Amino acid sequence: MAINVFSELQPKDLLFLGEAALRTLEISLTAIGIGSVFGAIFGWMMSEGNRIVTFIINAILDIFRSVPLIIQLILFDSFISIAGYPLPAFVSGTIVLSVYTAALVANVARGGVEAVPASLRRASRSLGLSYWQDLRYIVWPVGLRAVFPSWIGVALSVVKDSALVSVIGYVELLKASQILITRTQDTFVILTIAGLFYFALSYPISKASEYIERRWNQ
Amino acid sequence: MIEIKDLKKSFGELQVLKGIDLTVNNGEVLSVIGSSGSGKSTLLYCINALEPIDSGSILVDSISVHDKATDVNKLRQKIGMVFQQFNMFPHLTAQENVALAPRKVKKMSKKDAMDLAARQLEHVGLGEKVDSYPSALSGGQQQRVAIARALAMEPSYMLFDEATSALDPELVGEVEDTMRMLAKEGMTMILVTHEINFARDVSDRIAFFHQGRMEEINSPDQLINHPASEHTAKFLSNVR
């Protein structure tokens with residue numbers, strides 16, 4: 001008599017996937033938040049700093065942009081374990097994903113600063129605004145509007161790329177799907193559901209960005 | 001009073017100002033004419049500390065502009081500047097454009113700054129455009145907002161860097177009228193311009209710049225009708 005090791009997909013599995021989707025959202029938003037702050041600072045340094053600063057930052061960020069994220073995750077996770085400081089999967093995943101996001105956002109931010117015409121900045125300085133006031137009240141809002149769609153593009157790709165964090169054992173949406181597939185063998189249905197969850201996470205972001213852009217363009 | 005002594009300025013190898021001596025008295029309107037590359041716009045940027053200088057000095061109300069101890073952000077409040085590009089802040093309405101510097105630099109309350117901005121826009125004839133964004137304004141209107149924005153800091157001096165040369169011909173008049181009005185009100189102004197007729201009407205003196213030197217400075221009538229330098233005569237015959 002054959003023992004059936006597989007079991008049907010059950011309603012509570014949907015809840016399991018839903019929770020995993022929330023973890024995908026959590027790690028993505030954390031990485032987007034941290035990565036965007038650092039990316040903005042790097043981008044500002046690259047556009048305003050001297051050529052040596054720009055070169056060094058760019059070279060470092062190029063490493064993170066060009067090495068596949070999955071390799072970065074495994075390398076970092078193994079490295080800290082070998083070094084004797086193992087971190088929870090969420091923490092090491094967040095660190096790697098944040099650095100990766102920062103590397104992508106840095107280029108976007110640099111484009112934003114450079115999209116503000118020099119003459120506009122001269123005009124604001126001529127009114128007596130300090131360098132930092134010019135940065136805060138002119139460069140930031142004008143530059144942000146110029147590169148906002150690109151930044152949203154980075155954010156959406158980070159949501160999808162966060163699936164790779166599954167390789168170091170963080171149970172986010174993709175990992176949860178794999179667990180269920182192993183149990184039910186119902187690949188098609190489960191991946192379809194997972195895909196819908198990814199869509200449900202991304203769609204509000206792109207809708208919100210459209211709304212914000214429309215308000216700016218009034 | 002603006003006192004410029006032996007001002008020299010280079011961009012890399014190219015010396016664009018080769019020793020300028022010039023005094024602009026309070027209440028005076030001085031126009032600076034000359035062909036492109038003669039250094040006249042650079043002169044304005046130097047007066048406003050937007051460009052560093054190589055040597056010489058610029059005193060504005062006896063404050064040395066390029067002295068390291070000088071607070072340029074404070075000094076610039078004395079000196080309004082209007083550029084060739086309209087340079088309105090694209091994300092702000094006309095009123096917000098004008099109110100920004102009074103709020104952030106002079107620390108005025110939002111209400112006071114917005115009231116001041118509305119008055120300044122009224123002054124340049126744009127009282128109905130307070131809520132318009134730059135994209136909804138013509139070039140001439142944008143340039144008048146830029147003038148109102150500079151005036152809102154209550155400067156003692158106004159510098160105009162080819163303020164009408166990026167405008168469509170039919171819009172030049174309204175901006176010139178605004179500048180004329182300021183001249184009548186006694187504002188001390190330096191105008192870098194290509195509009196010789198306008199310069200003649202509005203100026204107390206006209207200076208002609210040629211290849212980084214001030215070739216000639218005189219009353220409009222003398223300089224235009226009886227130029228002392230052959231370079232001046234040649235330039236004037238070319239622009240007419």
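## Chain A: contacts and fold

In chain A, 78% of the contacts between residues at least 6 apart in sequence join residues at least 24 apart, a contact being heavy atoms within 4.5 Å. The model is predicted: local features need pLDDT of at least 70 and side-chain atom pairs count only at pLDDT 80 or more, whereas totals for chains, interfaces and linings use all residues. Residues are numbered from 1 along each chain as its sequence is written, chains are lettered from A and ligands numbered from 1 in the order in which they are written, and side-chain values use heavy atoms, with hydrogens and water left out.

Chain A contains eight helices and zero strands; helices (H or I, at least four residues) and strands (E, at least two) are DSSP runs, numbered from the N terminus. The radius of gyration of chain A is 21 Å, well over the 17 Å that the globule rule gives for 218 residues, so chain A is more spread out than a compact globule. This radius is taken over C-alpha atoms, and the rule is 2.2 Å times the number of residues to the power 0.38. The C-alpha trace of chain A spans about 85 × 50 × 20 Å along its principal axes.

## Chain A: burial and surface

Of the 218 residues in chain A, 41% are buried, that is, under 20% relative accessible area (1.4 Å probe, protein chains only). Its accessible surface is about 11600 Å², with 70% belonging to carbon and sulfur atoms; such areas come from the Shrake-Rupley method with a 1.4 Å probe.

## Chain B

Chain B has nine helices and ten strands. Its radius of gyration, 18 Å, agrees with the value near 18 Å for a compact globule of 240 residues. The C-alpha trace of chain B spans about 55 × 45 × 30 Å along its principal axes.

Buried residues account for 55% of the 240 residues in chain B. This chain exposes about 10300 Å², of which carbon and sulfur atoms supply 45%.

## Interface between the chains

The size of an interface is often given as the accessible area lost when the parts come together. Chain A and chain B bury about 1800 Å² between them, 65% of it on carbon and sulfur atoms; buried area is the accessible area (1.4 Å probe) that two parts lose on being put together, summed over both. On the chain A side, Arg122(A), Ser126(A) and Leu127(A) lose the most area to chain B, together 34% of what that side buries. The contact takes 18 residues from chain A and 24 residues from chain B.

Note on methods. Buried < 20%, exposed > 50% of the residue type's maximum accessible area, 1.4 Å probe, protein only.
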